[in-house]
Amino acid sequence: MLQIESVHKQFSTKVLFDGASAHLRPHTRVGLVGPNGTGKTTLFKMILGEESPDEGAIRKRPRLRIGYLPQELETITGKTALDAAHRDEYPEHEAKRILSGLGFSDADFSRPVDKLSGGYRMRVALAHLLLSNPDVLMLDEPTNHLDKPTQRWFEEFLLDSKLTLLVISHDTAFLDRITTHIWEVRDRTIQEFRGNYTKFRELRAARDAQLHAAANRQAKEVARVQQFVDRFRYQANKARQVQSRIKQLEKVKLIELQRDAKRVKFRFPLPTTSGRHVLDLQGVSKQYGEKVVYTSLDFSVERGQRIALVGENGAGKSTLLKMLAGVLPPDKGTRTVGHGVSLHYFAQHQAETLNPEHSILESLGEVSSTAETNFLRGLAGAFLFSGADQKKPIKALSGGERNRVALARMLVEPANTLLLDEPTNHLDPASVDVLTDAMIDFPGTIIFISHDPTFLTRISTRVVEIEDGKARNFFGDYEYYLWKKAQEFEPIKESSDELGVKQGKSGGPTKAMASQTAPKSPAGDRRDLTKTQARLEKQVARAEAEIAEQEAKIKERDQMLADPALYQEFSKWNGLHQEQDTWKQELERLTARWESLSSELADVKQKLAAMV
């Protein structure tokens, strides 16, 4: 169907592909993965004929129909969502079925495309592609703007359609559910793996371990031969053996170990502390034309909260964030900013405001006249721009790279309150981890929108669900929110004390919840807080004990894996190593839970102290 043959591609001094080959077979669903900047989008452009390989070829079956969904869409004017989605030769009801599955209501069918949000414009383009019935469907980050129900429908559609897919995505859960093969862009080649993303990681780890073992054996043999040459080089009676071994060394093709990019760690600049009350909306209303989003919304934010705004697409999450940021005035109501509050707002399309002629470093330097060059270089490196790449002009960057520059610009000057609309879009998993770690360490206040469940779980300390113009609070992390929503469908009769004992085993909340019932007396509040404090102290102590136990297991396994004799038994070594990886993941989960519980305990103690 599609054959990539020994492709070489280079831009200036940067080599993206060198002898890269791969074969896209009919009815396979291939995930194209690799760190940002390794050439995934360039490969798409070469397949589409927008770029040409410097060497090699990309061969396609005659009359192959390719459907392509890029990261950045062209603006469509003068058409409704329904008109833009379907063609004359396709029945209108099929277009409506696809659009409905992608989250459109009947009323949305007649809305002009240029009046839709970026996420919904992407869905119109996706509907158009699905209706065109291509032989190969190429998708670049298709799930960035899909809510959970829409993504589930989209996944089921792809699985039922039997389309041949080539997908760039940083959503590893999505790749796990839909892919049959993975192509990894690594070391300027395309490495093919059979299976989904989880299977790919297992196979890659085993392949890397085998390669390292072979490289170690080769290095030892080369060192042994070189030692003989060095020792007898000047002895006439050994001249023939020495020359033989020199020729032997010259013929050796050394195994090159592939080194993945070093993970960079950074911290947000430390801001000044704001007052306790950060932002407050009172009686806010907002509508667009005839579409009413909010009628009378009250919403308050306190210092140190990390608030996730969740809800279906179109519910009003971005509108609320914009009103909180002050970039969108409400039709009615008031917005109050607390004492000492400084804001940074990151919009979904922030990248469109960048000066295309400026380099990455110049773009970061525009934000501050006092930031040192070394700091700017470190910040650029944290977002995977290193070395000469930092001097690239913005106009030469892909859409995802521009998004990373826009996000990095927001971090140059300190601010104690961050408002972020889909900050992880276009970031690969390593970059998301870097950003997540920095946000966890950030001492200020964060309000954000994200569709990434791992990011939501690690960051949020309060979840606000937007539905029907109302904001419903869940005072806990994202796991608590999911658990609480599940209980609405499957009520349980356990008391809160029983729940506190069992939550570690029953999938319950990882944080204590604030009361969401009618106001109580001060004495009642104090009693509840005292009980909550005692329960949290037990949970923190239990978490600390579990962390210590896990760390001891990992340390013991490190010593075992360091035994050179074990290298000779690869299967045993690999099994032990993979088991240790799962232990490390569990340690990360336990540590995140301990941090979450400790933060909640500190809040409870502070509230109790204020009552004295």
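Trainee: Is E184 buried or exposed?

Mentor: Burial is read from relative accessible area: buried means under 20%, exposed over 50%, and partly exposed in between, using a 1.4 Å probe and protein chains only. E184 has a relative accessible area of 4%, so E184 is buried. Before going on, note that this is a predicted model, in which local features need pLDDT of at least 70, side-chain atom pairs count only at pLDDT 80 or more, and totals for chains, interfaces and linings use all residues. Residues are numbered from 1 along each chain as its sequence is written, and side-chain values use heavy atoms, with hydrogens and water left out.

Trainee: Which residue forms a salt bridge with E184?

Mentor: A salt bridge is a side-chain nitrogen of Lys or Arg within 4 Å of a carboxyl oxygen of Asp or Glu. For E184 the partner is R204, and the closest N and O atoms are 2.7 Å apart. E184 lies in strand β8 (residues 181-186) and R204 in helix α7 (residues 197-232), so the pair links distant parts of the chain, 20 residues apart. The names of these elements come from DSSP runs: helices are H or I with at least four residues, strands are E with at least two, and both are numbered from the N terminus.

Trainee: How many salt bridges does a search of the whole structure find?

Mentor: The search finds 23 salt bridges. One of them joins the side chains of R61 and D135, at 3.3 Å from N to O. R61 is in the loop between β4 (55-60) and β5 (66-69), while D135 is in the loop between α4 (118-131) and β6 (136-140), 74 residues apart. R61 is partly exposed, at a relative accessible area of 38%, whereas D135 is buried, at 18%.

Trainee: Where do E465 and K485 lie?

Mentor: The side chains of E465 and K485 meet in a salt bridge, 3.1 Å from N to O. E465 is in strand β17 (residues 462-467) and K485 in helix α15 (residues 478-489), so their pairing ties together parts that are 20 residues apart in sequence. E465 counts as buried at 8% relative accessibility, and K485 counts as buried at 18%. Salt bridges can also be linked to one another: K9, E51 and D54 are joined in a network of them.

Trainee: What describes a pair of aromatic rings?

Mentor: The distance of the centres and the angle of the planes describe it. Rings of Phe, Tyr and Trp (its six-membered ring) pair if their centres lie within 6.5 Å; planes under 30 degrees apart count as stacked, over 60 as edge-to-face, and the rest as tilted. The count by this rule is ten aromatic pairs. In one of them, F154 and F174, the centres are 6.2 Å apart and the planes are at 5°, so the pair is stacked. F154 belongs to helix α5 (residues 148-161) and F174 to helix α6 (residues 172-178), so the pair ties together parts 20 residues apart in sequence. F154 is buried at 0% relative accessible area, and F174 is buried at 0%.

Trainee: What are the distance and angle between F474 and Y481?

Mentor: F474 and Y481 are 5.0 Å apart centre to centre with 80° between the planes, an edge-to-face pair. F474 is buried at 0% relative accessibility, and Y481 is buried at 9%. Ring pairs can also form a cluster, as they do in linking F193, Y197 and F200.

Trainee: How do strands of a sheet pair?

Mentor: They pair through backbone hydrogen bonds, either parallel or antiparallel. Here two strands pair if DSSP finds at least two bridges between them. An open sheet of three strands has the order β11-β10-β13, with antiparallel pairing. β11 (291-302) and β13 (332-337) are at the edges, each with a single partner strand, so one side of each lacks a neighbour in the sheet. Five bridges join β10 (residues 277-288) to β13; among the residues involved, L279 has V337 in β13 as its bridge partner.

Trainee: Which residues cover the two faces of β7?

Mentor: T164, L166 and I168 are on one side, L165 and V167 on the other, and all are buried. Five of the five residues of β7 (residues 164-168) are buried, so the strand is largely enclosed by the rest of the structure. β7 runs parallel to β3 (residues 29-33), with four bridges between them, and parallel to β6, with five. I168 is the bridge partner of L32, and D140 stands opposite I168.
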